Amino acid sequence: MPDRFDQHAVRHRMKLLRSDGDVTLYANRDDVPCPACGEAFGRILLTERREHSFDLADADRLCVAREPDRLVVCTHD
Ligand SMILES: [Zn+2]
């Protein structure tokens with residue numbers, strides 16, 4: 001696994017759902033692997049904020065990858 005999730009390398013395999021400057025949310029369209037568990041995630045959130053709250057109603061698993069300046073959160077459904 002690389003040290004950092006490279007969303008640009010797999011950009012064409014994901015659908016952009018939300019982009020608020022320091023928070024970006026994508027949906028998986030092509031079995032892009034989760035940086036934490038290696039299985040295809042459902043959605044991935046990239047946030048540079050210090051805090052974030054999640055609604056997990058439709059997620060079976062939540063994976064987190066900590067990067068120096070960013071938090072990567074994947075949901076599996
Ligand atoms: Zn995962």
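**Reading a sheet, strand by strand**

Author: Helices (H or I, at least four residues) and strands (E, at least two) are DSSP runs, numbered from the N terminus. The model is a predicted one, in which local features need pLDDT of at least 70 and side-chain atom pairs count only at pLDDT 80 or more, while totals for chains, interfaces and linings use all residues. Residues are numbered from 1 along each chain as its sequence is written.

Reader: How many helices and strands are there in the chain?

Author: The chain has zero helices and five strands, and its elements, read from the N terminus, follow the pattern β-β-β-β-β. The radius of gyration is 11 Å (taken over C-alpha atoms), close to the 11 Å that the globule rule (2.2 Å times the number of residues to the power 0.38) gives for 77 residues, so the chain is as compact as a globular protein of that length. Along its principal axes, the C-alpha trace spans about 30 × 30 × 20 Å.

Reader: In what order do the strands form the sheet?

Author: The general idea is that strands of a sheet pair through backbone hydrogen bonds, either parallel or antiparallel. Two strands are said to pair if DSSP finds at least two bridges between them. Here five strands form an open sheet in the order β1-β2-β3-β5-β4, with antiparallel pairing. The edge strands are β1 (14-19) and β4, each of which pairs on one side only. From one strand to the next the twist averages 20°, where the axes are lines fitted to C-alpha atoms (for helices over the stretch in contact) and angles run from 0 to 180 degrees between N-to-C directions.

Reader: Which strands form hairpins, and how many residues lie between them?

Author: β1 and β2 form a hairpin with three residues between them, and Gly21 in that turn has a positive phi of about 85°; the two strands pair in the antiparallel sense over five bridges. β4 and β5 form a hairpin with two residues between them.

Reader: How many bridges join β2 and β3?

Author: Strand β2 (residues 23-28) and strand β3 (residues 43-47) pair in the antiparallel sense over five bridges. Thr24 stands opposite Leu46 in β3, and the bridge partner of Tyr26 in β3 is Ile44.

Reader: Which residues make up the largest nonpolar core?

Author: A residue is buried if 20 or more other C-beta atoms lie within 10 Å of its own, exposed if 12 or fewer, and partly exposed in between, with C-beta atoms placed from the backbone. A nonpolar core is a set of buried Ala, Val, Leu, Ile, Met, Phe, Trp, Tyr and Cys residues joined through C-beta atoms within 7 Å. The largest one here has nine residues: Phe5, Tyr26, Val32, Cys34, Phe41, Ile44, Val72, Val73 and Cys74. β5 gives the most to this core, with three residues. Of the 77 residues of the chain, 16% count as buried.

Reader: Is Asn28 buried or exposed, and what about Arg29?

Author: Asn28 lies in strand β2 and counts as buried because it has 21 C-beta neighbours inside 10 Å. Two residues are in contact if their C-beta atoms, placed from the backbone, lie within 7 Å. Leaving aside neighbours within four places in sequence, Asn28 is in contact with Met14, Ala40, Phe41, Gly42 and Arg43. Arg29 lies in the loop between β2 and β3 and counts as exposed, because it has 11 C-beta neighbours inside 10 Å.

Reader: Where does Asp31 lie, and what is its phi?

Author: Most residues other than glycine have a negative phi, and most peptide bonds are trans. Asp31 lies in the loop between β2 and β3, and its phi is near 55°, a positive value in a residue other than glycine. Asp31 is exposed, with 9 other C-beta atoms within 10 Å.

Reader: What is the mean pLDDT of the chain?

Author: pLDDT is the predictor's confidence in each residue, from 0 to 100. The mean for the chain is 92, and 97% of its residues reach 70 or more. Among the elements, β4 has the lowest mean pLDDT (94) and β1 the highest (96).
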